[in-house]
Amino acid sequence: MASDLIASLRGKKDIKILFVCLGNICRSPAAEGVMKETLSNHGVNWTVDSAGTGDYHIGDLPDWRMRSAAKCRGLLLTHHCRQVKPADFEHFDLIIGMDANNLANLRRMAPTPEGAKKVVGIGQWLDPSLGYDYVPDPYYESDRAFDLVLDLLANACENIYESLR
Ligand code: 4NP
């Protein structure tokens, strides 16, 4: 269970977190940026990265709409898109998917049962009052969807830190 995994990591000095979405150009690179900023604000230095289950945008910077929305909040997103690889399931402590499709894909991609156990949904760190238990894909949506992604990630990343510190 995810709560057992979280409990087993609590207090660890370097926790390694991989955020995953489909394209790795909108939600997960934003999650990487927001989490790094959250950790920096708290003075901790964990390992944070992001990747996509798909291979459509490998090497690309985040979508300009995601970068623009993040820049409005003072956050520069400089990650270059990469696809999830088998070694990620060994290297990272937590592999956090943004929605149910990401989670299903990740569990299918996991090379071992141990690796699959590291896959958890971001929803469990979202305050119920926000009305979401996942981070919706903004790719085919308006600018407001990109702001919603950042609002949800700000809440989730703070809660991730609080649950693991
Ligand atoms: P992301 O958004 O999974 O949040 O990076 C998407 C980016 C690209 C595509 C779909 C979703 N795409 O179909 O190319």
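Asp-49, Arg-82, Lys-85 and Asp-88 are joined in a network of salt bridges (a side-chain nitrogen of Lys or Arg within 4 Å of a carboxyl oxygen of Asp or Glu). By this rule the count is twelve salt bridges. This is a predicted model, in which local features need pLDDT of at least 70, side-chain atom pairs count only at pLDDT 80 or more, and totals for chains, interfaces and linings use all residues. Residues are numbered from 1 along each chain as its sequence is written, and side-chain values use heavy atoms, leaving out hydrogens and water.

**Lys-12 and Asp-93**
- The closest N and O atoms of this salt bridge are 3.0 Å apart.
- Lys-12 sits in the loop between α1 (2-9) and β1 (16-21) and Asp-93 in the loop between α4 (88-91) and β3 (94-97), so the pair ties together parts 81 residues apart in sequence. Helices (H or I, at least four residues) and strands (E, at least two) are DSSP runs, numbered from the N terminus.
- Lys-12 is partly exposed at 34% relative accessible area, while Asp-93 is buried at 14%. Buried means under 20%, exposed over 50%, partly exposed in between (1.4 Å probe, protein chains only).

**Asp-137 and Arg-27**
- Their closest N and O atoms are 4.0 Å apart in a salt bridge.
- Asp-137 lies in the loop between β4 (119-121) and α7 (143-164), and Arg-27 in helix α2 (residues 27-41), 110 residues apart.
- Arg-27 is buried, with a relative accessible area of 2%. Asp-137 is partly exposed at 32%.

**Asp-147 and Arg-73**
- This salt bridge has its closest N and O atoms 3.4 Å apart.
- Helix α7 holds Asp-147, and the loop between α3 (64-71) and α4 holds Arg-73, 74 residues apart.
- Asp-147 is partly exposed at 33%, and Arg-73 is partly exposed at 38%.
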